[in-house]
Amino acid sequence: MNLEAYFQRIGFHGPLDKADLATLKLIHKHHVMSIPYENLSIHCGEAIVMDLDAIFDKIVTRNRGGWCLENNLLFSWVLKELGYNATILGTRVFSSATGDFGPCNGHLINMVDIEGKAYIADVSFGVSSQLWEPLELVHGKDQPQKAAVFRLLNKGEVWVLEKSSRKSVILNPHFASSSLVNRKLTKTIYSFTMVPSVAEDFFEVNDKLQTDPGELFTNKSICSLQTPTGFIALIGCVYSEVTSKPEEGVDIFDMRDVPEGEVEQILREKFNIRLQNKLQPVNNAYSYTL
């Protein structure tokens, strides 16, 4: 592992002498602006493994992105190397299709304690539900960010993350009724408890998410990256540039279909990703919104 290489990967050149909130916010934002949230390995015939050496090689050395089990595990290592008191937590992602949280912890986040206050750091959820900065672990407080207004709700032993979105303005009439566009102004994202986890707790779900034909990640090839104005995303062959305008209460969606033969060019030019193996873009019917 090489902290200098990681910071070069995310373009961070700030001070590292203090494990404080200001530094955490800067690193968190640089990570989500530089490292895509993506599951392309599944659709390139590559296995995703929860091994820090392999994750470092993929994300830092080979300039790829990853999903939460890779990105947030890597971020956990970075935080601990910098002297932060960080704890891995598992979360159950909310499904709009079932109206309930998943049956097991399928998403990994980090809780960071700084001077007696706890913060939730999550650098890998993607699209409009991606945190740009850590959230203070406090009940019911609106915490505005570029993508949305996030809040954490305490329900006894369980915490729930939800967000308030803005109205979506679709520029391309072809996508006016697209299932990829979120039309709910309030969205539940996931729930979690304070029970600490370790990487091994996610080995089984890591395998299931990339092999089960009924899971989201086998049904859609996903790549998204936060930008200074919002985010960009490639879902199958649908490319979107989303501009957040909180001052106007809207998000502008510029969506278009990309010919399959141009998908890897989009990945190179927009996400700075160069794949080693052939990608098979997939966008099957499944409950998933930008």
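Visitor: At what angle do the axes of α1 and helix α3 cross, and within what distance do they come?

Guide: Please keep in mind that this is a predicted model. The axes of α1 and helix α3, which covers residues 52-61, cross at roughly 40° and come within 10 Å.

Visitor: Why give both an angle and a distance?

Guide: Two packed helices are described by the angle between their axes together with the distance between those axes.

Visitor: Okay, which residues make that contact?

Guide: On the α1 side they are Ala5, Tyr6 and Arg9, and on the α3 side they are Phe56, Ile59 and Val60. Sorted by class, the residues of the contact of α1 with α3 are 5 nonpolar and 1 charged, with no polar ones.

Visitor: And how does α1 pack with helix α2?

Guide: Helix α2, residues 21-34, packs with α1 at an angle of about 65°, and their axes are 8 Å apart. From α1 the contact takes Tyr6, Phe7, Arg9 and Ile10, while α2 brings in Ile27, His30, His31 and Ser34. In the contact of α1 with α2 there are 4 nonpolar, 3 polar and 1 charged residues.

Visitor: What about α1 and α4, what is the angle there?

Guide: Helix α1, residues 3-10, packs with α4 at an angle of about 120°, and their axes lie 11 Å apart. That angle makes α1 oblique to α4, and α1 passes α4 in a left-handed crossing. The residues that meet are Leu3, Tyr6 and Phe7 in α1 and Leu74, Phe75, Trp77, Val78 and Glu81 in α4. By class, the contact of α1 with α4 consists of 7 nonpolar and 1 charged residues, with no polar ones.

Visitor: Switching to the inside, which residues touch the most other members of the largest nonpolar core?

Guide: That core has 56 residues, and Tyr6, Leu69 and Leu290 are the ones that touch the most other members. Helix α4, residues 68-81, gives the most to this core, with 8 residues. Apart from it lies another core, of 17 residues, which includes Met111, Ala148, Ile189 and Phe192.

Visitor: What does Leu290 touch, if we skip its neighbours within four places in sequence?

Guide: With those neighbours left aside, Leu290 is in contact with Val127, Ser128, Leu180, Phe231, Ala233, Ile235, Ser240, Phe253 and Met255.

Visitor: Now Phe175, is that one buried or exposed?

Guide: Phe175 is buried, because its relative accessible area is 5% and the cut-off for buried is under 20%. Phe175 lies in the loop between β10 (167-170) and β11 (186-197). Setting aside neighbours within four places in sequence, its contacts are Ile170, Val181, Arg183, Val238, Met255, Arg256 and Asp257.

Visitor: Last topic, what is the phi of Glu115?

Guide: Phi of Glu115 is near 50°, which is a positive value in a residue other than glycine. Most residues other than glycine have a negative phi. Glu115 sits in the loop between β4 (107-114) and β5 (117-121), and at 80% relative accessibility Glu115 counts as exposed.

Visitor: And where does Asn272 sit?

Guide: Asn272 is in the segment after α7 (263-271). Although Asn272 is not a glycine, its phi is positive, at about 55°, and with 41% relative accessibility Asn272 counts as partly exposed.

Definitions and conventions: Residues are numbered from 1 along each chain as its sequence is written. This is a predicted model: local features need pLDDT of at least 70, side-chain atom pairs count only at pLDDT 80 or more; totals for chains, interfaces and linings use all residues. Side-chain values use heavy atoms; hydrogens and water are left out. Helices (H or I, at least four residues) and strands (E, at least two) are DSSP runs, numbered from the N terminus. Buried means under 20% relative accessible area, exposed over 50%, partly exposed in between (1.4 Å probe, protein chains only). Contact means heavy atoms within 4.5 Å. A nonpolar core is a set of buried Ala, Val, Leu, Ile, Met, Phe, Trp, Tyr and Cys residues joined through side-chain atoms within 4.5 Å. Axes are lines fitted to C-alpha atoms, for helices over the stretch in contact, and angles run from 0 to 180 degrees between N-to-C directions. Angles under 35 degrees count as roughly parallel, over 145 as roughly antiparallel, 65 to 115 as roughly perpendicular and the rest as oblique. A crossing is left-handed if the near helix is turned anticlockwise from the far one by less than a right angle, and right-handed if clockwise. Ala, Val, Leu, Ile, Met, Phe, Trp, Tyr, Cys and Pro count as nonpolar, Asp, Glu, Lys and Arg as charged, and the others, Gly among them, as polar.
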